[in-house]
Amino acid sequence: MADSRGGSLHWYSPDPRAIIQLDALKVSRSLRQSIRKYRSGMRVNTSFEAVMRACGGRNDTWISEEIVKSYIQLHKCGYAHSVETWWADELVGGLYGVAFGGAFFGESMFSVRRDASKVALVFLVDRLREQGFELLDTQFLTPHLERLGAVQIPREQYLSLLAKALVKKCKFPH
């Protein structure tokens with residue numbers, strides 16, 4: 001992560017670590033309605049850089065230009081991915097992260113329309129389950145993620161789940 005003031009890069013490994021257990025995602029009734037509304041507007045990897053820039057489009061952000069360029073390279077190599085929510089021809093929400101083995105490391109999400117980032121997360125979780133992924137790492141617990149079922153686990157438990165997930169040969173869904 002980049003420091004929002006100076007841009008210097010730092011490595012974070014929080015303890016406890018936040019994850020979303022793929023079989024424990026909480027989808028409210030209102031979110032189900034939003035999912036139906038956005039169903040035809042879901043895409044994967046069609047606007048990776050735009051998703052990253054939208055995620056970083058805040059006054060206080062850890063997504064520096066160096067981070068953007070690095071993740072674009074990871075995307076070109078097939079490791080970094082975006083899930084996008086579109087309304088007509090407008091990108092209205094999404095998320096990005098890195099897939100490796102059976103783990104997906106969620107980095108950031110954004111929304112300019114109600115529930116658009118949440119719909120992207122539900123779409124992601126459904127696809128990860130279909131492909132046999134075991135771990136969705138969100139790093140930090142936010143109130144937003146907690147409402148969706150994210151939990152914190154101790155580092156030792158996280159490292160055990162991570163080791164198990166990394167040896168899997170899962171393909172990120174397109």
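**Entry 1: Val83**

I began with the neighbours of Val83, which touches Met42, Arg43, Gly93, Gly94, Leu95, Ala120, Phe123, Leu124 and Phe172, leaving aside residues up to four places away in sequence. Contact here means heavy atoms within 4.5 Å. Before going on, I noted that this is a predicted model, where local features need pLDDT of at least 70 and side-chain atom pairs count only at pLDDT 80 or more, while totals for chains, interfaces and linings use all residues. I also noted that residues are numbered from 1 along each chain as its sequence is written, and that side-chain values use heavy atoms, with hydrogens and water left out.

Where does Val83 lie? I found Val83 in strand β3, residues 80–87. Helices (H or I, at least four residues) and strands (E, at least two) are DSSP runs, numbered from the N terminus.

Is Val83 buried or exposed? Val83 has a relative accessible area of 1%, so it is buried. My cut-offs: buried means under 20% relative accessible area, exposed over 50%, and partly exposed in between, with a 1.4 Å probe and protein chains only. I also checked Asn45, which is 38 residues from Val83 in sequence and 6.4 Å from it in space, C-alpha to C-alpha.

**Entry 2: two helices**

Two packed helices are described by the angle between their axes and the distance between the axes. I looked up both for helix α1 (residues 29–38) and helix α4 (residues 116–130): their axes come within 9 Å and cross at roughly 85 degrees. The axes are lines fitted to C-alpha atoms, for helices over the stretch in contact, and angles run from 0 to 180 degrees between N-to-C directions.

Which residues make the contact? From α1 I listed Leu31, Ser34, Ile35 and Tyr38, and from α4 Ala116, Lys118, Val119 and Val122. By class, this contact of α1 with α4 has 6 nonpolar, 1 polar and 1 charged residues. Ala, Val, Leu, Ile, Met, Phe, Trp, Tyr, Cys and Pro count as nonpolar, Asp, Glu, Lys and Arg as charged, and the others, Gly among them, as polar.

**Entry 3: backbone angles**

Most residues other than glycine have a negative phi, and most peptide bonds are trans. With that in mind, I looked for exceptions.

- The peptide bond from Asp15 to Pro16 is cis, with omega near 10 degrees. Pro16 lies in the segment before β1 (17–20).
- Ala88 has a positive phi, near 60 degrees, and is not a glycine. I found Ala88 in the loop between β3 and β4 (90–100), and at 64% relative accessibility Ala88 counts as exposed.
- Gln139 also has a positive phi, about 65 degrees, although it is not a glycine. Gln139 is in strand β6, residues 135–139, and at 10% relative accessibility Gln139 counts as buried.

**Entry 4: a pocket**

Rolling a probe the size of a water molecule over the atoms shows where empty space is left. How big is the volume of the second largest pocket? I read about 380 Å³. Of the 19 residues that line this second largest pocket, the closest to its centre are Glu107, Ser108, Met109, Thr138 and Leu145.

On a 1 Å grid over the protein atoms alone, a pocket is an open set of points with protein on both sides within 12 Å along at least five of seven lines, and lining residues have an atom within 4 Å of a point. Grid points are joined across faces, edges and corners, and a volume is the space filled by probe spheres set on the points.

Which element gives the most to the lining of the second largest pocket? β5 does, with 5 residues. β4, β5 (103–111), α4, β6 and α5 (143–147) each supply at least two residues of the lining. By class, I noted 11 nonpolar, 6 polar and 2 charged residues in that lining.

**Entry 5: Ala150**

My last stop was Ala150, in the loop between α5 and β7 (151–153). At 4% relative accessibility, Ala150 counts as buried. Ala150 touches Ile19, Ile20, Leu141 and Leu145, not counting residues up to four places away in sequence.

Note on methods: On a 1 Å grid over the protein atoms alone, a cavity is a set of points where a 1.4 Å probe fits but cannot get out, and a pocket is an open set with protein on both sides within 12 Å along at least five of seven lines; lining residues have an atom within 4 Å of a point.
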